[in-house]
Amino acid sequence: MLPPEIELDAELRKVVTIRACCTLRLFVPIKGRPAPEVKWTREHGESLDRASIESTSSYTLLIVENVNRFDSGKYILTIENSSGSKSAFVNVRVLDTPGAPQDLKIKEVTKSSVTLTWEPPLIDGGSKIKNYIVEKRESTRKAYSTVNANCHKTSWKVDSLQEGCNYYFRVLAENEYGIGLPVETSESVKVSERPLPPGKITLLDVTRNSVSLSWEKPEHDGGSRILGYIVEMQSKGSEKWSTCATVKVTEATITGLIQGEEYTFRVSAQNEKGISDPRQLGIPVVAKDLVIPPAFKLLFTTFSVLAGEDLKVDVPFVGRPKPAVFWHKDNVALKQTTRVNAESSENNTVLTIKEACREDVGSYLVKLTNSAGEATETLNIVVLDKPGPPTGPVKVDEVTADMTGLIENHDYEYRVSAENAAGLSEPSPPSTYYKACDPIYKPGPPNNPKVVDVTRSSVFLSWSKPIYDGGSEIQGYIVEKCDVSDGEWSICTPPTGIKNTHMEVEKLVEKHEYKFRICAVNKAGVGEHADVLDSVIVEEKMEAPDLDLDMELRKIVNVRAGGSLRLFVPIRGRPTPEVKWGKMDGEIREAAIIDTTSSFTSLVLDNVNRFDTGKYTLTLENSSGTKSAFVTVRVLDTPSAPVNLKIREITKDSVSLSWEPPLLDGGAKIKNYIIEKREATRKSYAAVVTNCHKTSWKVDQLQEGCYYFFRISAENEYGIGLPEETSDPIKVAEVPQPPGKITVDDVTRNSVSLSWEKPEHDGGSKIIQYIVEMQAKGSEKWSECARVKTLEAVITNLTQGEEYLFRVMAVNEKGKSDPRALAVPIIAKDLVIEPDVRPAFHSYSIQVGQDLKVEVPIAGRPKPTVTWVKDGQPLRQTTRVNVSDLTDLTILNIKETSKEDGGTYEITVANVVGQKSASVEIITLDKPDPPVGPVKFDEISAESITLSWNPPAYTGGCQITNYVVHKRDTTTTVWETVSATVARTTLKVTKLKTGSEYQFRIFAENRYGQNQRYEFRVIAKNAAGAISKPSDSTGPITARDEVELPRISMDPKYKDTIVVSAGETFRLEADVHGKPLPTIKWYKGDKELEETARYEIKNTDFTVRICASNDEKSICGSWTTEGLGNYQHHKGFYDCLLEPTR
């Protein structure tokens, strides 16, 4: 026997630090005899579901892959055997981004800001929190925006918020490994505050018992809708303000005031954030009826209406008491009709006139009269109607052709109507007819006639309009020519002339000399001609192409990105040259607009960008030659993308990049480069460095095994240019470390079975396969003998008796690891190994009705035979319970487990070398059996009794949680719960009625439920209060509806002769059973008894009782009770003896 011991490595006694997403391996050697049971736990009970635990007699290994911040903490190892137990712990710190900050609270809300507070994260990711990032989101949007990315405290005031809007907020912590998980407000926060006080309060009315007030809305509602107003009042001499009205409008009437009492009033506004400061009425108010002389409140005294329309004249007034109203028109009392009538109210009188006419025009007097005085007001009413027609005759002067809407040379007559606000009058009589025309003259000569160009058969002429057009529009021009050789003039245009001020005169004779003249034509005729100054010889002119490049175009043309490029170049040449624009090292964008004439060419390119930079070439060509020039254009823009981005080197936590400068620098020197990275699982890039001054960079602190994209952008004075991105994600990995320990699993005459552990580190990339190599003794050559994807391999075709060395290499996508060699050479021969059986657990718990599968590892060479024994008897195998054996496992299968399957199972393995046994316990979990009787009764009194019983024989595989005790008065069928939480097997039942009979039943309960069987016992109590011994138990009875034969059970005392003193009352009773409920009859001797004054019979569904009160000897003898059912009857017998009175 050896107590358990733990050999904790020195590295494990320190804090084990590991990067997130890596694999945690805790390897701990252990000792102990027998082999100790190993248990790993977390300090605060965290789950170890993700952990892989491997334990042998000499070590235990805990592996957690892809660790994260939540795997930080204390890992406790406990080993135990029959000689004792031992514990140790390992502190693990996962270097990760932080957890979420804690306890985010809204500290303060104003109309434009929200103040937040929070606590640091419980998990800092193994690194000090550098800062916090505060973000906000409007409730109508999905994306958060950053408020502060560098907050160094645990509170922040978020200001510049939109008043009345709802916002969500979240806070994230950042450490050296990045930004952690967010904590978010669970509900949106409305940016608002209490409203300002209401505006000016106005006293509308006062009576002996009421006051009417009105007020203006607050200047500001605090960013939240006003829910209502609270009106308070204070009596004179009191300091207490009491609420007298709560309203949603801006006015209120306060009633129930005391006449003559003086009151002060104030009003507060309320929104969802609270109640504003109050606004007080400037003066106190005395509750009394007002006396006010009548007075008008008119804004106007003159009212106008269109004839035929309705008019309402509203005359407001004041006066207390209400004044009488009188209307007069033209000093006569107004006669009211259905068309003209007046109506009055408390504070106004309204005169209504329907379909007003000229008769309603005049002065109206309104008179008000009350006990305080009288007032009068005069009103003028004007009815607007159309005027009469103007008086004639209509005279017409200064007739021309350009009067609006007239057609020249047409005859017209004219009439006039008057118009006012009411409309048009009837027209005047018409005038005589007049013709619309102007006096006109022939035009002057055209201006500046000249020869523009000459060819071998034509002359191009141009001229301007005459200075004088003769008072009429120029309708055209007539061109004439004269061949100097014959001196005759001929018209070159149609007789009506041409509209243009230029013309090509064609079909001329080459080498002839011509003269030209031009005349203008209007409605009055052909005007005076104008001669071209010199005669023209018709012949072709030849001119080599040429262009006039402006001085600005000879320099570099700079244009800002987004602007427009305009290149205008005058050209010449005869004949007109052909124009071609081009661009060196590229093509001109299709969006370019090129315009060309005989005298100029232009190129316009809108919304230019960096790719429009370059040399633009212009080529002119005609029959006389060619001419070329170029214009250098520089678009001032951000740079284009760097080129030739390459991955130079990859390690398990870094990637080295290199690139070349952009082809287009955007017209400015490249200042620096920006390097960014993005995990393949994310959408956004994070900056690595923003001020790189070389064309290479090593990106480190990368997450091993993760995939990353990288991109590079160049920056000049105009900003950051286009990025160059890696086309495929880069996995941050290297070749793996060598495989772990190699174990020889089996050796035969011609084969070896090997297994090995995974490499401690896979290089950040998944292990693709393993390569097994062997070397025969005496040879220096290693030859490949297997490629596998698992952690084991069988090497066959070995030579019996030959000695071999083996080694294994791990392969990932980055390459092969260094090899791990088996420590000792192997001789190919058959092995003989003693059998062994090692159950993983000593006990198995299973709920009744579920399937159970118990796998027990076995070993031995040759393969051992396996025997299962249950509770000392060979296991009987059925289709429900059976055993199957594999090479290294024996498996017990139990389908639909029953409680009879519980017990101790012994497994024995044996081969030619020896034998070994082990045992496991199977615990079946179910509802418990009923408690075990007999039920004992102790401490009996007139009002209480103590019950005790034994626990169930079968507890259901777990602890009995409680017992439930019911009682039933035998005079009723209803069971009452005495207690449902009895922890022990005894209970004192109190509050019993003296003289009553009771039955009790007891249930056992565990976490799987309550047993469904009960036990009945009967207690008899006589009139003197004496309590009998309990009756015999009926035994366990299952609660179910069924047919049951009638049966009577009596207390054992009734089996003996009952001795009763003369004059005493005696009672016979019994329990009755049967389904359906039996009919009960009592007999004395052979005579059936009926209830009389001497015999009181009380029968219930479950009990029978008879009480006899007599001093006669007739009660002596044999008494019988009979239960009659549908199928059988049952009798109970009592013998009674009368004892003489002493």
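A salt bridge is taken here as a side-chain nitrogen of Lys or Arg within 4 Å of a carboxyl oxygen of Asp or Glu. In this predicted model, a search of the whole structure on that basis returns 38 salt bridges. One of them joins the side chains of Asp-548 and Arg-572, with an N to O distance of 3.0 Å; this pair links distant parts of the chain, since Asp-548 lies in the loop between strand S47 (543-547) and helix H2 (551-554), whereas Arg-572 belongs to strand S49 (residues 565-574), 24 residues apart. Both partners are partly exposed, Asp-548 having a relative accessible area of 38% and Arg-572 one of 32%, and together with Glu-543 and Asp-546 they are linked in a network of salt bridges. A further pair, Arg-838 and Asp-836, has its closest N and O atoms 2.8 Å apart; here Arg-838 is partly exposed at 48% relative accessibility, while Asp-836 is buried at 16%.

The largest nonpolar core comprises 23 residues, of which Leu-24, Leu-26, Val-28, Leu-62 and Val-92 touch the most other members. At least two residues of this core come from each of strands S2 (16-19), S3 (24-33), S6 (59-64), S7 (73-81) and S8 (84-95). When residues up to four places away in sequence are not counted, Val-28 touches partners including Ile-6, Leu-12, Trp-40, Tyr-59 and Leu-77.

The UniProt record, an unreviewed entry, lists residues 4-93 and 294-382 among the spans under "domain: Ig-like". Residues 4-93 are 4% helix and 59% strand, with end C-alpha atoms 28 Å apart, and for residues 294-382 the corresponding values are 0% helix, 63% strand and 27 Å.

Conventions:
Residues numbered from 1 in each chain as written. Predicted model: local features only at pLDDT ≥ 70, side-chain atom pairs only at ≥ 80, totals over all residues. Heavy atoms only, no water. Core = buried A, V, L, I, M, F, W, Y, C linked by side-chain atoms within 4.5 Å. Buried < 20%, exposed > 50% of the residue type's maximum accessible area, 1.4 Å probe, protein only. Contact = heavy atoms within 4.5 Å. UniProt positions renumbered as here; feature names shortened; annotations may be inferred.
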